[in-house]
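Work through the exercises below with the model open. Try each task before reading its solution.

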Amino acid sequence: MKLHFFGTCSGTRPFKDRHHVSFALEADNGIYWFDAGENCSYTAYLMGLDLTKIRAIFISHCHMDHVGGLGNLLWNIRKVTGVEKKLPIGGDIDVFIPLKETFDGIMAVLKNTEDNFRIPFKVVPHIVDDSLCYVSKADGVEVRAYHNHHLPHDDGDPWLSFSYVIKAGDKRIAYSGDTRLEDIPNILTEKTDVFLMETGHNDYRDVCRLIRERSLPVEKLFFIHHGKSILPDPVSAEKEAREIFGENVFISDDATSVTI
Ligand SMILES: [Zn+2]
């Protein structure tokens, strides 16, 4: 299996060589896409990914640095199905998103694009809650959502921001989404092969210290959704992170892939 990083930046002003956050897990029989920042499908396509292998898209929350590329991603899937004469591998594309209003808005924009966005497959929305939200028998992939405290929340209201834990074969991958430091232990409750952690709202050094001081079971730590503690000098940041965490910490870059 591979993890592909399409965008590694937090919601900054445009930043050279980095786009807003998006990555995917590619298994033998499908691609599982997480967040959809600007340009994600452009980058993925030029990296050689087959967009018709996407089975499901998971959005952590509806801020623009996580959904800005969603409309274009769906548009590009349609374009590829038309030009390459093939259908999405799973038949339909499932979109897991916390706010139906955002999904409906994106679909309304698409409806007025080429050929009124007529497509030979369905884009199926699912509103995210705290649950095992997706199971792919084709790949043995399971995705569970955990609410976090990135966005304000009142008792009784739906949660609007989520982290995801992916089980794929014998691997466990946790993705923070945008989150607070105190939310991290909730998704690191058992051995986690890969932890993808944001630094738009957290200093990478605090993340490394928390994991080590609390003995949280993380094998490999990848930073993604970089914020101000990383963006000015990622090389020095990676060096300093290794002094705290050990050698298995990485600062991800756009248009790169790792085998897990
Ligand atoms: Zn963000």
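## Exercise 1: a buried arginine

Arg 78 is buried, with a relative accessible area of 15% (buried means under 20%, exposed over 50%, partly exposed in between; 1.4 Å probe, protein chains only). The model is predicted: local features need pLDDT of at least 70, side-chain atom pairs count only at pLDDT 80 or more, and totals for chains, interfaces and linings use all residues. Residues are numbered from 1 along each chain as its sequence is written, and side-chain values use heavy atoms, with hydrogens and water left out.

Task: Where is the place of Arg 78, and which residues does Arg 78 touch, not counting those up to four places away in sequence?

Solution.
1. Arg 78 sits in helix α3 (helices are DSSP runs of H or I, at least four residues; strands are runs of E, at least two; both are numbered from the N terminus).
2. Contact means heavy atoms within 4.5 Å. Beyond four places in sequence, Arg 78 touches Glu 114, Asp 115, Phe 117, Arg 118, Ile 119 and Phe 121.

## Exercise 2: positive phi

Task: What is phi of Asn 116, and is Phe 117 buried or exposed?

Solution.
1. Most residues other than glycine have a negative phi.
2. Asn 116 has a positive phi near 55°. Asn 116 is partly exposed, at 45% relative accessible area.
3. Phe 117 also has a positive phi, of about 55°. Phe 117 is buried, at 8% relative accessibility.
4. Asn 116 is in the loop between α4 and β6 (123-127). Phe 117 lies in the loop between α4 and β6.

## Exercise 3: a helix pair

Task: At roughly what angle do the axes of α3 and α4 cross?

Solution.
1. Axes are lines fitted to C-alpha atoms, for helices over the stretch in contact; angles run from 0 to 180 degrees between N-to-C directions.
2. The axes of α3 (residues 70-84) and α4 (residues 100-111) cross at roughly 50° and come within 9 Å.
3. Under 35 degrees is roughly parallel, over 145 roughly antiparallel, 65 to 115 roughly perpendicular, and the rest oblique. So α3 and α4 are oblique to each other.
4. Leu 70, Gly 71, Leu 74 and Trp 75 in α3 meet Ile 106, Met 107 and Leu 110 in α4.

## Exercise 4: the zinc ion

Task: Which residues are the protein donors of the zinc ion?

Solution.
1. Donors are N, O and S atoms within 2.8 Å of the metal (3.2 Å for Na, K and Ca); water is not among the atoms, so sites may look incomplete.
2. The donors are Asp 65 (OD), His 66 (NE2), Asp 178 (OD) and His 225 (NE2), 2.0 to 2.2 Å from the zinc ion.
3. His 66 is buried, at 0%. His 225 is buried, at 1%.
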